[in-house]
Amino acid sequence: MSSLASQIMAKYPMVRVLTLSDQMKALMTYIRDQKINREDFVFYADRIVRHVVEEGLATLPYVPNQITTPTGAKYDGLDFGASICGVSIVRAGESMEKALQQCCRKIRIGKILIQRDEETAQPKLFYSKLPQDISGRHVLLLYPMLATGGSAITAIEVLIENGVKEDPIIFLNIISCPEGIEALAVRFPKVTVVTAEVDTHLNERKYIIPGIGDFGDRYFGTDLH
C-alpha cells in the first residue's frame, strides 16, 4: 500500500484502500496502459472490480449461523446480517454490475443516470430507478472513478431522498484521488468508500492523474480518440 493511501485512511476512517499484491498491481498497470486493447481492458478491469466488490461485501454486518456439514458435525459460521442491493451510476457504473452479480446472484440493482458537464465539471441528474424497499437495505453504490466527487455526492443525495441512511451506503470504485475523497468525506462522513488505488491529484480538466482516461469509453468501446 502506498504512503498516500495510508495517509488517506488515517485521515478518513470511512475509506478502505485495497492492499495490492504484485498480481493486483500488474492488473492495475494493464488497465492504465493507453496501448491495451478493449478486450484485455475489460478482462482485467472485471478482475479488479471483483476484488473491490469482495472487499465491499466484507464491510457488511454478519450474524452467527450454525449449520450441519455432510459429516454430521456442527459448524459455527456466519450469514449476511442485512438485506442489500446495488445501485450503479450509469454508464460507467454498469461495468461493475457483473462482478456484483457474480458475488450475489439474485441481487437487485437500481440505476442513477448522472452526466458531468465537461465545461464546468459539475454533475447533472437525469434519471433514477431504485428498488421500492431500498430504504431498508444496505446499498452498494457502483462507479469506477472518484474524481471531483460530484457524481458520487449527487447519487448519494438521491439515495438519501429515497429514505436510505448514510451508514448503510458503501461506495465502490477502482481509482480515486484525495480531492474526491475529501469532498465526499466532508459531505457524507458516514458513507464507506472502498477503492483499489488512490492516485495523486486532479489536473486542470478535473481528470485523475496518473489515472486511466475515460473508464466508460474504454470499457464499452466508445472512445473515438
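## A buried partner and a partly exposed one

Lys 111 counts as partly exposed, because its relative accessibility is 22%. The cut-off for buried is under 20%. This is a predicted model.

Lys 111 pairs with Glu 97 in a salt bridge, and their closest N and O atoms are 2.6 Å apart. Lys 111 sits in strand 5 (residues 109-116) and Glu 97 in helix 4 (residues 97-103), so the pair ties together parts that are 14 residues apart in sequence. Glu 97 has 13% relative accessibility, so it counts as buried.

## Salt bridges elsewhere

Side chains of opposite charge can pair when their charged atoms come close. The model has 12 salt bridges in total.

Glu 54 and Arg 50 meet through their side chains, with 3.2 Å from N to O. Both belong to helix 3 (residues 38-57) and are four residues apart, so about one helical turn separates them.

Helix 5 (residues 150-161) and helix 6 (residues 178-187) have axes that come within 9 Å and cross at roughly 25 degrees. Angles under 35 degrees count as roughly parallel, so helix 5 is roughly parallel to helix 6. The crossing of helix 5 and helix 6 is right-handed.

Which residues join these helices by a salt bridge? They are Arg 187 and Glu 157, with closest N and O atoms 3.4 Å apart. Arg 187 is in helix 6 and Glu 157 is in helix 5, so this pair links distant parts of the chain, 30 residues apart. Arg 187 has a relative accessible area of 42% and is partly exposed. Glu 157 is partly exposed too, with 28%.

Other salt bridges share partners. They join Lys 25, Arg 32, Glu 197 and Asp 199 into one network.

Phe 80 lies in strand 3 (residues 74-80). Its relative accessibility is 37%, so Phe 80 counts as partly exposed.

Most residues other than glycine have a negative phi, and most peptide bonds are trans. Some places in this chain depart from that pattern.

Where are the cis bonds? One joins Val 90 and Arg 91, with omega at about 10 degrees. Arg 91 is in the loop between strand 4 (84-90) and helix 4. Another cis bond runs from Ile 209 to Pro 210, and here omega is near 0 degrees. Pro 210 belongs to the loop between strand 12 (208-209) and helix 7 (215-220).

Lys 206 has a positive phi, near 70 degrees, although Lys 206 is not a glycine. Lys 206 is in the loop between strand 11 (201-202) and strand 12. Lys 206 is partly exposed, with a relative accessible area of 37%.

Methods. Residues are numbered from 1 along each chain as its sequence is written. This is a predicted model: local features need pLDDT of at least 70, side-chain atom pairs count only at pLDDT 80 or more; totals for chains, interfaces and linings use all residues. Side-chain values use heavy atoms; hydrogens and water are left out. Helices (H or I, at least four residues) and strands (E, at least two) are DSSP runs, numbered from the N terminus. Buried means under 20% relative accessible area, exposed over 50%, partly exposed in between (1.4 Å probe, protein chains only). Axes are lines fitted to C-alpha atoms, for helices over the stretch in contact, and angles run from 0 to 180 degrees between N-to-C directions. Angles under 35 degrees count as roughly parallel, over 145 as roughly antiparallel, 65 to 115 as roughly perpendicular and the rest as oblique. A crossing is left-handed if the near helix is turned anticlockwise from the far one by less than a right angle, and right-handed if clockwise. A salt bridge is a side-chain nitrogen of Lys or Arg within 4 Å of a carboxyl oxygen of Asp or Glu.
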